[in-house]
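Here are some notes to read alongside the coordinates.

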Amino acid sequence: MKENEKVRCLIIGSGPAGYTAAIYASRANLGCVLYEGLQPGGQLTTTTEVENFPGYPQGTTGPVLMDDLRQQAARFGADLRPGIATAADLSAAPYRITIDGTKTLEADTLIIATGATANYLGLPDEQAYAGMGVSACATCDGFFYRKKTVAVVGGGDTACEEALYLSSLAAKVYLIVRKDYLRASHVMQQRVLRTPNIEVLFEHQVKGLYGDGGVEGARLLRRQGQPDQEDVSIAIDGFFLAIGHTPNSTLFRPWLDTNEAGYILTLPGSPCTRLPGVFAAGDVADPHYRQAITAAASGCMAAIEAERYLSGQQTAPQG
Ligand code: NDP
């Protein structure tokens with residue numbers, strides 16, 4: 001590939017948003033190039049069952065869904081490449097994106113579909129035990145904890161999903177929730193609460209981990225700041241984080257509007273950013289829904305807007 005390659009439509013990211021944008025952009029002959037990033041297929045490659053993506057009446061798995069989307073994009077000629085965007089210059093069109101710190105592409109239109117990354121609590125022990133019992137992906141690492149005891153931190157749908165997945169492998173799963181209720185959807189809450197080998201520890205905060213050469217337990221604080229505050233210790237072999245995500249927007253923040261959490265702001269109901277020809281799709285711009293289907297839909301919208309922009313017919317107003 002040449003240095004400073006020029007492309008009409010550059011897509012960064014390979015989750016449902018990126019691949020769907022690639023399907024639409026390649027069918028529209030935009031000569032689209034997509035860089036797949038750190039985790040080809042995105043967050044769904046670390047998910048098990050996907051029951052709510054339309055078109056799969058019996059459900060499917062995250063990896064199968066992403067492979068299907070990838071193949072569909074490839075079928076229409078999308079140029080799908082390994083590589084990570086390491087720098088961006090959106091000061092003027094064509095927009096310049098550097099890949100792997102080596103080559104720079106000039107793009108007439110840019111679709112940012114870089115998704116979001118799992119959050120950690122920020123405890124030094126998470127680093128100390130990285131790869132030795134600490135994980136942010138139950139489906140990646142759950143296998144290692146068959147018939148063992150694990151803990152999942154978080155009270156949202158992800159935490160419930162991870163706890164349920166682990167409950168089928170591990171002997172016992174603690175779900176550590178900082179509030180006195182689960183934030184997850186009702187159906188997920190019910191599944192967790194009905195699973196005999198999941199114990200929910202409401203109003204517990206994690207203070208640290210312990211173990212010699214690997215995680216052997218967690219130190220918790222129950223009802224922090226209350227008169228009956230209490231230190232609690234649980235023996236565990238694995239510690240899983242499921243406390244939300246941070247949008248992967250750092251490279252683009254100097255040029256685009258973001259909210260306080262870093263989610264890229266687009267015009268309401270559209271993938272259009274404040275820059276003409278630059279669009280944001282999927283979780284990087286969505287703090288609210290964060291579903292595969294909504295990501296895919298916004299990828300479709302971004303590709304349609306890119307096509308309109310390139311043909312000089314963009315209909316959505318620019319900020
Ligand atoms: P959420 O933001 O919904 O939940 C994060 C959870 O982590 C909350 O319970 C939060 O606690 C807790 N948390 C955050 N920071 C800390 C901390 N420092 N210490 C302890 N606990 C912490 O994230 P999810 O990843 O669960 O879900 C994101 C979105 O994706 C949601 O809209 C969800 O519905 C959706 N989703 C849907 C699925 C499905 O439909 N199958 C599967 C997975 C996700 P608190 O409540 O106290 O703020």
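This is a predicted model: local features need pLDDT of at least 70, side-chain atom pairs count only at pLDDT 80 or more; totals for chains, interfaces and linings use all residues.

1. The crossing of the two helices, α5 and α6, is left-handed.

2. On the α5 side, the contact is made by Asp-157, Cys-160, Glu-161 and Leu-164, while α6 contributes Met-188, Arg-191 and Val-192. Sorted by class, the contact of α5 with α6 comprises 4 nonpolar and 3 charged residues, with no polar residues.

3. Helix α5 spans residues 157–167, and its buried residues are Ala-159, Cys-160, Glu-162, Ala-163, Leu-164, Leu-166 and Ser-167. Cys-160 and Leu-164 are therefore both buried, under 20% relative accessible area, and part of the contact with α6.

4. Which elements cover the buried residues of α5? The cover includes the helices α4 (138–141) and α6 (186–193), together with the strands β11 (149–153), β12 (172–176), β13 (198–201) and β17 (238–241).

5. Turning to the ligand, there are 19 residues around it, of which Gly-155, Asp-157, Thr-158, Arg-178 and Arg-183 come nearest. Asp-157, one of these nearest residues, also belongs to the α5 side of the contact with α6.

6. A backbone N or O atom of Gly-155 lies 2.9 Å from a ligand oxygen atom, and a polar side-chain atom of Lys-179 lies 3.1 Å from an oxygen atom of the ligand. For Glu-161, which also takes part in the contact with α6, a polar side-chain atom lies 3.3 Å from a nitrogen atom of the ligand.

Notes:
Residues are numbered from 1 along each chain as its sequence is written. Side-chain values use heavy atoms; hydrogens and water are left out. Buried means under 20% relative accessible area, exposed over 50%, partly exposed in between (1.4 Å probe, protein chains only). Helices (H or I, at least four residues) and strands (E, at least two) are DSSP runs, numbered from the N terminus. Contact means heavy atoms within 4.5 Å. A crossing is left-handed if the near helix is turned anticlockwise from the far one by less than a right angle, and right-handed if clockwise. Ala, Val, Leu, Ile, Met, Phe, Trp, Tyr, Cys and Pro count as nonpolar, Asp, Glu, Lys and Arg as charged, and the others, Gly among them, as polar. A residue is near a molecule or strand if one of its heavy atoms lies within 4 Å of it. A polar contact is a pair of N or O atoms within 3.5 Å; within protein, one must be able to donate a hydrogen and the other to accept it, and residues adjacent in sequence count only if both atoms are side-chain atoms.
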